[in-house]
Amino acid sequence: MWSSSETTTVPSIRTILSVAASLTASVVLLRSVADDLIPDAAREFFFTRLRKISSRFSSELTIVLDEFDGYAGNEMFVAASVYLGNKLSSSTQRIKVLKLKKVKQLAVKVDKNQELVDFLDGTEFKWILDCSRSDKPVFISNGDHRSAFAEERRYELRFHKKHKEMALNRYLPYVLEKAKQIKEETKSVKLHTVDYNGKDYWEGINLDHPATFETIAMDLETKKALIDDLNRFMARKEY
């Protein structure tokens, strides 16, 4: 029997949230360790169950950004990849670096299962790139379809449930706009020529010739007319 002086201790909200945060962190840590130790099927089953358990205690909402919708690419996934590549911090333990053909700069991206924390107006947003094996056909640029194992990639964006409207109406559009600015700053001017012997008729090369309009010997009025015409063309790039 219980004496009248005994009381039942009820966990505080702070304690519950702390436990939920610990469970979420454990999911990230265990997934990273298990990539090389546990078979794919068993790993996916285990982490699916663990995520369901941790979500019951969590106040977080998760937005999933798949890389593809069928064969159509997801512009939001691409924008997130570009944006997060410029948001890496000293706490990031793994990154991916690529050197694309005919591009001078290195492309830096977030590696899978690496959590990255971002802020907008003091609101915390947590990103993680999740990858799983898939036997769906892989789309090749030359039009062929090849049945092979490939990765299905998706970004999971987590934040407090009360910030749902901010995430959808402000944060994700902000990511899209920042990614567009980053692309504009790093893209190269290309000169396209017709190559009838290649896989694609139009072949592009970077236009990095050292000559400028200042160094070109040309009639001044003709040069001004040419520059004005090019500026008019660039101003109408949306069309």
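Is helix α3 (residues 75-85) mostly covered or mostly open, and how many of its 11 residues are buried? Eight of the 11 are buried, so the helix is mostly covered, where buried means under 20% relative accessible area, exposed over 50% and partly exposed in between (1.4 Å probe, protein chains only). The legends below take this helix and other sites in turn.

A word on the model: it is predicted, local features need pLDDT of at least 70, side-chain atom pairs count only at pLDDT 80 or more, and totals for chains, interfaces and linings use all residues. Residues are numbered from 1 along each chain as its sequence is written, and side-chain values use heavy atoms, with hydrogens and water left out.

**Figure 1. The whole protein has five helices and 12 strands.** Helices (H or I, at least four residues) and strands (E, at least two) are DSSP runs, numbered from the N terminus. Of the 239 residues, 23% are buried. Take the contacts (heavy atoms within 4.5 Å) with a separation of 6 or more: residues 24 or more positions apart account for 53% of them. The protein exposes about 18000 Å², and carbon and sulfur atoms supply 56% of that area; accessible areas come from the Shrake-Rupley method with a 1.4 Å probe, and for residues only the protein chains shown count as cover.

**Figure 2. Helix α3 packs against strands and a helix.** Its buried residues are Met-76, Phe-77, Ala-79, Ala-80, Ser-81, Tyr-83, Leu-84 and Gly-85. They pack against β1 (60-66), β5 (107-110), β6 (116-120), β7 (123-134), β10 (150-160) and α4 (164-186). Look also at the start of α3, where a side-chain oxygen of Asn-74 comes to within 3.0 Å of the backbone nitrogen of Met-76.

**Figure 3. The largest nonpolar core has 24 residues.** Such a core is a set of buried Ala, Val, Leu, Ile, Met, Phe, Trp, Tyr and Cys residues joined through side-chain atoms within 4.5 Å. Phe-125, Trp-127, Tyr-155, Leu-157 and Tyr-171 have the most contacts inside this core. At least two of its residues come from each of β1, α3, β6, β7, β10 and α4.

**Figure 4. Eight aromatic residues form one cluster: Phe-77, Tyr-83, Phe-125, Trp-127, Tyr-155, Phe-159, Tyr-171 and Tyr-174.** Rings of Phe, Tyr and Trp (its six-membered ring) pair if their centres lie within 6.5 Å; planes under 30 degrees apart count as stacked, over 60 as edge-to-face and the rest as tilted. By this rule there are seven aromatic pairs. One of them joins Trp-127 and Tyr-155 edge-to-face, at 5.8 Å centre to centre and with 90° between the planes. Trp-127 sits in strand β7 and Tyr-155 in strand β10, so this pair ties together parts 28 residues apart in sequence. Both Trp-127 and Tyr-155 are buried.

Figure 5. Side chains of opposite charge can pair when their charged atoms come close. A salt bridge here is a side-chain nitrogen of Lys or Arg within 4 Å of a carboxyl oxygen of Asp or Glu, and the structure holds 10. Lys-126 bridges to Glu-60, with the closest N and O atoms 2.5 Å apart. Arg-154 bridges to Asp-66, with the closest N and O atoms 3.4 Å apart. Arg-154 is buried at 13% relative accessibility, whereas Asp-66 is partly exposed at 35%.

**Figure 6. Asp-121, in the loop between β6 and β7, forms a salt bridge with Arg-170.** The closest N and O atoms of this pair are 2.2 Å apart. Arg-170 lies in helix α4, so the bridge ties the loop to a part 49 residues away in sequence. Asp-121 is exposed at 58% relative accessible area, while Arg-170 is partly exposed at 42%. Check the backbone too: phi of Asp-121 is near 55°, a positive value in a residue other than glycine.

**Figure 7. The loop between β5 and β6 holds Asp-111 and Asn-113.** Asp-111 is buried at 10% relative accessibility. Leaving aside residues up to four places away in sequence, Asp-111 touches Arg-94, Ile-95, Lys-96 and Leu-129. Asn-113 is buried with a relative accessible area of 5%, and has a positive phi of about 65° although it is not a glycine.

Technical notes:
Polar contact = N/O pair within 3.5 Å; in protein donor to acceptor, adjacent residues only side chain to side chain.
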